[in-house]
Amino acid sequence: MTLTRRRFLGQASVFATGLLLTETGSAMAPMQAAMSDSVLGPGVLTPFVDALPLPPVAKSMGTRANPERKGEQIPYYRIAMREMHVKVHRDLPPARLWGFNDSSPGPVFETRSGEPLLVEWANELPLKHFLPIDYTLHGAGKDVPEVRSVVHLHGGRTPPDSDGYPDDWFVPGRSAINFYPNRQDATTLFYHDHAMGINRLNIYAGLQGMFLIRDAVEDALNLPSGKYEVPLVICDRFLRKDGQLEYPVSPIPGKPWVPEVFGNVVLVNGKAMPYLEVEPRKYRLRILNGSNARFYRLAFEDEHEFHVIGSDQGLLEGPVALQRLQLAPAERADVIVDFSKYAGKRMQLASDSLPVMQFRVAATSAADTSVLPAKLRTVERIQEKTAVKTRLLTLDEHLNLADQSMDMMLNNTPWHAPVTENPVIDTTEIWEFVNLTEDTHPIHIHLVRFQILDRQRIDTNAFFDNRSVKFIGDVEPATGIEAGWKDTVRADAGTLTRIIVPFKGYTGRYVWHCHLLEHEDNEMMRPYEILAAEPQKTGA
């Protein structure tokens, strides 16, 4: 029988759990995996026995000079990356994790649109990594330190020298100060490690956290706030019986990289399958898919309806009623859930058959003056005719003779090749992603926000033959929760996905990449450069 990449993943002995959990967003099917005595089997942990922890709110340590405005002082934060040991479940010993200011996920930043701040990210991690490094990956060789980090504010409109460029890493004992102007609409962003070649390991270890921007438009809506607004960082991890993280590796000698990692337990804010006590009223849930590769399809067990009011880059035009919410890695959703009809009951949130968390609704009634507005904010659709250029970009995978994945690429081009995408500042382009792989890829472009135009399936064989685009089926325009501003788009297998992108903010070098972290670390990331506009010529 041919050993395809999917069977290879299923048979790898280090994918150690009784049943590899289903990946719902890509072509990966459920698979039996080899059993390991050291890894927790299915059903071992009792769900919903730990209270949901809430990450602390980041506190400034004073002020420093605004690098863009002489004489102005702005808030200054110092956030340290450290190793820590935390019980992720009542019945497990403390796990070794990496976090920010002794918290994983890290502290929640709360700021306002147009109010800049400075963050000094300090690397206080150990000198040795506790997860398996693949030294064959670009930028992760034995000629560089094992432990290094650089922080990216995902979705932030940030100057290039503060964006967390993958090669700008720094080692334990060093720090970097990043400037965040926050000149953007109210939204849910998040920060995470972005070090070249080990990004997947550093985030898996715990280096991520939320960053909230607010504005006057959001203030006027009277949404649930205070203790009724809850951040939820959802991610899956492999846990061993001793409570420690297990990161799966390949059986190929000297090359531990694997194409995707799916865990045996879901953590929410760092706890395995926690519960949250709520009142019978409306709550606002700020949800982030912080997994390396898992897609979630979140739903309540009784198909209770909820409303999505915002996506990656802020509020939608109006609420979208759903019973199931799909989120790819790095996507965010701003959700209103009304528990008023469920007083005294317990409601489980799951992704298909995978338990995520439980809500315990109090029996007594609760006052609620918040509202779910019919109109949230205006989202003007960008007209295609405003685009000055259309780029056709492929998503590619390279296999060896045993049909095992060796790397992923964008436009069949490795990271270190010269820059090929060079839009001009204050222009708009259409980017068309042709996905020639078996997976769905969440594609993220740094600095910018964009709108999804549409998707349409294509004949991939015809494209492989002569790069001709032959469409199959109907065009699927962006609707619902995808009709707002985005910074991460789901590019489905065998599909051409179109987005329209205004390049605003700063000139300089940024990156675009797949946000399946194992893909990103193995060549599915490319630099791009925003160029300055040429000066207008004047007549004689």
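Author: Happy to! pLDDT is the predictor's confidence in each residue, from 0 to 100. The protein chain has an average pLDDT of 92, and 92% of the residues score at least 70. This is a predicted model, where local features need pLDDT of at least 70 and side-chain atom pairs count only at pLDDT 80 or more, while totals for chains, interfaces and linings use all residues. Residues are numbered from 1 along each chain as its sequence is written, and side-chain values use heavy atoms, with hydrogens and water left out.

Now to the cysteines. A disulfide is taken as a pair of cysteine sulfur atoms within 2.5 Å, and the structure holds zero of them. For Cys235, the closest cysteine sulfur belongs to Cys514 and lies 18 Å away, so the two are too far apart for a bond. Cys235 is buried, with 8% relative accessibility, and Cys514 is buried too, at 0%. Buried here means under 20% relative accessible area, exposed over 50%, and partly exposed in between (1.4 Å probe, protein chains only).

Next, the strand. Strands (E, at least two residues) are DSSP runs numbered from the N terminus. Strand 26 covers residues 405–410, and five of its six residues are buried, so the rest of the structure largely encloses it. Its antiparallel partner is strand 25 (residues 389–399), with five bridges between them; DSSP must find at least two for strands to pair. Asp396 has Met409 of strand 26 as its bridge partner.

One caution: over residues 1–35, pLDDT stays under 50. Where pLDDT is low, the predicted coordinates should not be read in detail.

Definitions and conventions:
Helix = DSSP H or I, 4+ residues; strand = E, 2+ residues; numbered from the N terminus. Contact = heavy atoms within 4.5 Å.
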